[in-house]
Amino acid sequence: MGVWQLLMIATVMLLGLFGVLAPGVPGTWLVWAAMLWWSLHERTDLAWILLASSTGLLLLTQVIVWQLPPRRFRGVGITRRMVTYAGVGAVLGFVLVPVVGAIPGFVGGIYLSERLRLGGHGQARAATRAVMRAAGTSVLVELFSCLLIVGAWAGAVIWG
């Protein structure tokens, strides 16, 4: 597989990660489609194992998201700035503390955004809780599963 094709797959996966954070964009399916494209062109045992595991993980993620309360974006104060901080925090956390760092990074990004907006610790903490109850948990579950898939793919491309 050529470098340009790998860069296109990486771009689609990155768009999928951003799509998880944007309401109405099928981010998880973009990540899965990029994995499918890579697997169909790579045709190795590792590629098929990654495709099967990512498919299973995304199906499990959908079941978990369906079990969570519905997302309520209105009235909570979710802003683009907050979504950006949460996404950057999750990615940084995922890289700095492999895999499990995405969760505190996501919540920390929301808290930092609210702390900068509201000024006080108590208000920022309450706002972070409200956001996580309204929509944050389901977004975090989807983002975490997509980060796992992208990380596994990157590891397979680099070391596989």
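This is a predicted model: local features need pLDDT of at least 70, side-chain atom pairs count only at pLDDT 80 or more; totals for chains, interfaces and linings use all residues.
From H1 come Leu6, Ile9, Ala10, Met13, Leu17, Val20 and Leu21, and they meet Val139, Glu142, Leu143, Cys146, Leu147, Val150, Trp153 and Val157 in H6. Sorted by class, the H1 and H6 contact holds 14 nonpolar residues, no polar ones and one charged residue. H1 covers residues 3-21 and H6 covers residues 121-159. Their axes are 9 Å apart and the packing angle is about 165°. An angle over 145 degrees counts as roughly antiparallel, and H1 and H6 are therefore roughly antiparallel to each other. H1 crosses H6 in a left-handed sense.

The H2 and H3 crossing is left-handed. On the H2 side the contact is made by Thr28, Trp29, Trp32, Met35, Leu36, Trp38, Ser39, Leu40 and Glu42, and on the H3 side by Ala47, Trp48, Leu50, Leu51, Ser54, Thr55, Leu58 and Gln62. The contact of H2 with H3 has 11 nonpolar, five polar and one charged residues.

Arg43 lies in the loop between H2 and H3. Arg43 is not a glycine, yet its phi is positive, about 55°. Most residues other than glycine have a negative phi. The relative accessibility of Arg43 is 64%, so Arg43 counts as exposed, the cut-off for exposed being over 50%.

| Residue | Relative accessible area | Class |
|---|---|---|
| Arg43 | 64% | exposed |
| Ala10 | 28% | partly exposed |
| Ser145 | 3% | buried |
| Ala102 | 1% | buried |

Ala10 belongs to helix H1, and is among the H1 residues that meet H6. Ala10 has a relative accessible area of 28%, so it is partly exposed. Along the sequence, Ala10 and Ala134 are 124 residues apart, and their C-alpha atoms are 31 Å apart in space.

Ser145 is part of helix H6. Its relative accessible area is 3%, so Ser145 is buried, since buried means under 20%. Setting aside residues up to four places away in sequence, Ser145 touches Leu57, Leu58 and Thr61. Leu58 is also one of the H3 residues in the contact with H2.

Ala102 is in helix H5, which covers residues 102-118. Ala102 is buried, with a relative accessible area of 1%. Apart from neighbours within four places in sequence, Ala102 is in contact with Ala90, Gly93, Phe94, Leu140, Phe144 and Leu147. Leu147 is also among the H6 residues that meet H1. Ala102 and Ala154 are 52 residues apart along the chain, with 16 Å between their C-alpha atoms.

An unreviewed UniProt entry lists residues 6-34, 46-68, 88-113 and 134-159 under "transmembrane region". In the model, the span of residues 46-68 is 96% helix and 0% strand, and its end C-alpha atoms lie 33 Å apart. Residues 88-113 are 81% helix and 0% strand, with the end C-alpha atoms 11 Å apart.

Terms used
Residues are numbered from 1 along each chain as its sequence is written. Side-chain values use heavy atoms; hydrogens and water are left out. Axes are lines fitted to C-alpha atoms, for helices over the stretch in contact, and angles run from 0 to 180 degrees between N-to-C directions. Helices (H or I, at least four residues) and strands (E, at least two) are DSSP runs, numbered from the N terminus. Angles under 35 degrees count as roughly parallel, over 145 as roughly antiparallel, 65 to 115 as roughly perpendicular and the rest as oblique. A crossing is left-handed if the near helix is turned anticlockwise from the far one by less than a right angle, and right-handed if clockwise. Contact means heavy atoms within 4.5 Å. Ala, Val, Leu, Ile, Met, Phe, Trp, Tyr, Cys and Pro count as nonpolar, Asp, Glu, Lys and Arg as charged, and the others, Gly among them, as polar. Buried means under 20% relative accessible area, exposed over 50%, partly exposed in between (1.4 Å probe, protein chains only). UniProt positions are given in the numbering used here, feature names are shortened, and annotations may be inferred rather than shown by experiment.
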